[in-house]
Amino acid sequence: MFKPRLVIGILFLLLLLSALPGIPGRSPDRETLSFVGSALWTKAHDVDIQGKHAYCAFMNGLIILDISNLKNPIRISKLYLGGGFAIEVKEPLAFVASGDKGLNIVDVSDPENPVLRGNLDTEGDARDVAVDGGFAFVADGPEGLAVVDIRDPATPKLAGRWDSPGESMGLVQREKLVYIADGSAGLQIVDVKDPLKPAPVGFLDTDGTSEGITLSGDYAFIADGSAGLKFIDVSAPSAPRQMASLTASGYARSVSVDGRYLCAGSLYDGGFQILDVADASAPVVVSTNKYTMYNEGWKVLLKENLACVVDYFSGLFFMDVSAPQKPAAVGTFFTPSTIVAAAVQDRYAYAVGELSGVQVVDLSDPVRADSVGMTTIFRGVQGLAVGGRYAYVTDRWSVKIFDVSDPAKPKAARMWNSPAGAPRAIVVRGNTAYITADNAGLFVIDITNPLSPSVVGSYKMPRFTYGLAVEGDYAYLANSDTGFHILDIRKPAAPALIASLKLNGEPCGVALRGGFAYVASGPAGLQIIDIGQPAAPKVRGSFPSGDFSSSVVISGDTAYVADGNAGVMKIAIGNPAAPKLEASFDTPGQALAVALNGPLVVVADSNSLILLK
C-alpha cells in the first residue's frame, strides 16, 4: 500500500542529510549537461521569405534575416531548436520540421525575439512541413505522413498518420490533398479531408529518389535525385501521369515554381537551374548556374524576380532572375562549411572546419556567443592548437600558423610543410610543438620562433595517429590501428618507445589525469588506462560508446567525450575501474571534438560550435 507520510518523511530526511557538512554527495547540477549557447551555424536547409524577412531553417534551428537590403542580409535573431530541415511561416507563427526533434512551433511576431511556443516529437524524422488551417502536415521520414493538430500552438497533438511505402522527404498541400515526395516510392497523393484518417488516393513510382516537390496548376514537379526532374500531371489525383523527365545538373534535391519558371537545386556541384515550364509537358532549360566553389543547391525558393539558393555548405545566395538566362548575384549570407576541431584560450574559442578557415568566438557571454573574427577559408583541415599569440592548424599537407594576438583580426603568419605524411594532431607546450602525421609518426618541433619552426626529432610510426597528449617526460599517442603508445621525450632529438598497448575500437583522442590516460576509442567508447608505470600500461576500465567516441577532455572527476551522432557524454571517473554515465546531450550534428573553458564544455559539432554546462 502506498504510504504518503512515509515517503514525505524519507524525502525530508534525505534533504536534511544532504545539507549536513561532511556528507559526501553531488551538487544538484552535477548530473546535468545542458545547452548554454551556440555559434558558427552551418548547414542551412530551407528558407521562407515574408516581406523584408527571410526565415531560415538551419541544422541547429531558426535564423531570421533582415533582407530589406538584399546586398547586405543581416541576421537579427536566432533560436536554437536542436534541428531544422524545413520551415513554413504562417504569421505570427513559424513551423519548423526539426528532424528527430519533431515539429517546433515558434512565435515570430517579433522577428528580433522569436519564442518557442510548442513542440511535438514526432515518431519519425520530420523533414518537411505544410500548414493549412488548424493542422500541420509533416513529412516524417520513414514514418510517412504525420498530421498534427496545431489549434493550440502551445500543445500540438498528433491527429492522424499515414505510413507511406517509402521515406517521406518533402510535401506540399492543396485542396485537402497532400502530395508527398516519398523517396524511393516516388509520388504519393493522400486525401486529408478528415485529418484524423488520412487516406491514399494515388501514386506514381518514379525511377529515382523523390526528395522535393512543388505544384503549379495541374502539375507536380519533383526533384528525383539522381534521376533528375519529373513533370507529372495530377489533374486526376487517383491516376497521376508522368509527362516529361529531364536530367538535372547534379543530384536533384529541390524545386520551386513561380509563374512560367521553375528553379531546381542540385547537389554535388550541381548549383541551380531555371526552366521554362509554360508547357510543363515540354520543359526547357533556360540556364544552369554555378555561384560559388560549393554549388550545393540543397533548397531553392523562387519568388517573382528573386531566387534564394540555400547552399548546404556556404549559406544563402540571393539572385536576381529578372533575366533568367543570366541570373545575377545580389547578396549573400555566408556560413562556414563545417566545424571539426576546437581549442580555447582565455575567453575565446577557436574553431576550424573543412573550407571554413579559423573562426574565433567570444565566450565571455556564452548565451550570446558569436563569431568575432575569421580567416580566409582553406581545405583539408585535420587539427588545431592555440599557444600564446598563435593558432596552429594542421591540414593534409602542412601546418598553417595564424597570428591571433587580435582575435577579431586573425591573420595568416606562416605555412610550414610537413616533413612527411599528412599532419594530424598537434600539441603546443611552451617553445615546443608535437605533431603526428599519417604513416610518419611523431615530430618534435622547435617553435621558439613560431614563424621559423624546425624539426628537432621524430619517431617513426605506421598508420593514423589521431590522438596526442604530452605531460612531463612522456608523449601519449592514440593510433587508430596500432593502439596506445607511450614515448619518452626527455631527449627531444630521439623520442623512444616505452610501451604499447593494443586497444579495442579505433583509438582517436587521449587525455591525462592523475596516473591515468583516457582514450576515446571510436566504437569501443572510453578506455581508461593505468599509466602509473609507463613501461607497463594496463586497461582499468571502460565505458561504451553510443556511436563513435573521437575526443575526450577531463575536469576533476569527470570526463567529457565527443561521441559522434550520439552527442556528448559526461562520465564520472572518480573510480577509474567503474566509470558511470552522469549525463549526455544529443547535439544536432556529429560531436567530433571537445574542449573546456572553465565550466563550459565547447563542442565542435560538425555543423556548429555548441556550448554546454
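1. The largest pocket of this predicted model is lined by 39 residues, and those that lie nearest its centre are Ala342, Leu384, Ser551, Ala593 and Val594. A pocket here is an open set of points on a 1 Å grid over the protein atoms alone, with protein on both sides within 12 Å along at least five of seven lines, and a lining residue has an atom within 4 Å of a point. Strands E30 (341-345), E34 (383-387), E38 (423-429), E42 (465-471), E46 (509-513), E50 (551-555) and E54 (593-597) each give two or more residues to this lining, where a strand is a DSSP run of E with at least two residues, numbered from the N terminus.

2. The space in the largest pocket comes to about 1,400 Å³, a volume being the space filled by probe spheres set on grid points that are joined across faces, edges and corners. Its lining divides into 30 nonpolar, 6 polar and 3 charged residues; Ala, Val, Leu, Ile, Met, Phe, Trp, Tyr, Cys and Pro count as nonpolar, Asp, Glu, Lys and Arg as charged, and the others, Gly among them, as polar.

3. On the conventions, residues are numbered from 1 along each chain as its sequence is written, and side-chain values use heavy atoms, with hydrogens and water left out. Since the model is predicted, local features need pLDDT of at least 70 and side-chain atom pairs count only at pLDDT 80 or more, while totals for chains, interfaces and linings use all residues.

4. The second largest pocket holds about 780 Å³ of space, and among its 39 lining residues Ile87, Glu88, Leu171, Lys299 and Leu301 lie nearest the centre. By class, this lining has 20 nonpolar, 8 polar and 11 charged residues. Strand E6 is one of the elements that supply at least two residues of the lining.

5. Strand E6 also belongs to an open sheet of 4 strands, in the order E6-E7-E8-E9 with antiparallel pairing, two strands being paired if DSSP finds at least two bridges between them. Strands E6 (86-90) and E9 (115-120) stand at the edges with a single partner strand each, so one side of each is left without a neighbour in the sheet. Between E6 and E7 (residues 93-97) there are 5 bridges, and the bridge partner of Ile87 in E7 is Val96.

6. Strand E38, one of those lining the largest pocket, has 6 of its 7 residues buried, so the strand is largely enclosed by the rest of the structure; buried means under 20% relative accessible area, exposed over 50%, and partly exposed in between, with a 1.4 Å probe and protein chains only. E38 pairs with E39 in the antiparallel sense over 5 bridges, and Val428 stands opposite Ala433 in E39. In the hairpin of these strands, which has 2 residues between them, Gly430 takes a positive phi near 60 degrees.

7. Ala433 also lines the largest cavity, as do Ile426 and Trp416, among others. A cavity is a set of grid points where a 1.4 Å probe fits but cannot get out, and the search finds 1 of 30 Å³ or more. The volume of the largest cavity is about 50 Å³, and its lining has 10 nonpolar, no polar and no charged residues.

8. Finally, the count of disulfides is 0, a disulfide being a pair of cysteine sulfur atoms within 2.5 Å. The sulfur of Cys263 is 9.8 Å from the closest cysteine sulfur, in Cys308, which is too far for a bond. Cys263 is buried at 0% relative accessibility, and Cys508 is buried with a relative accessible area of 8%.
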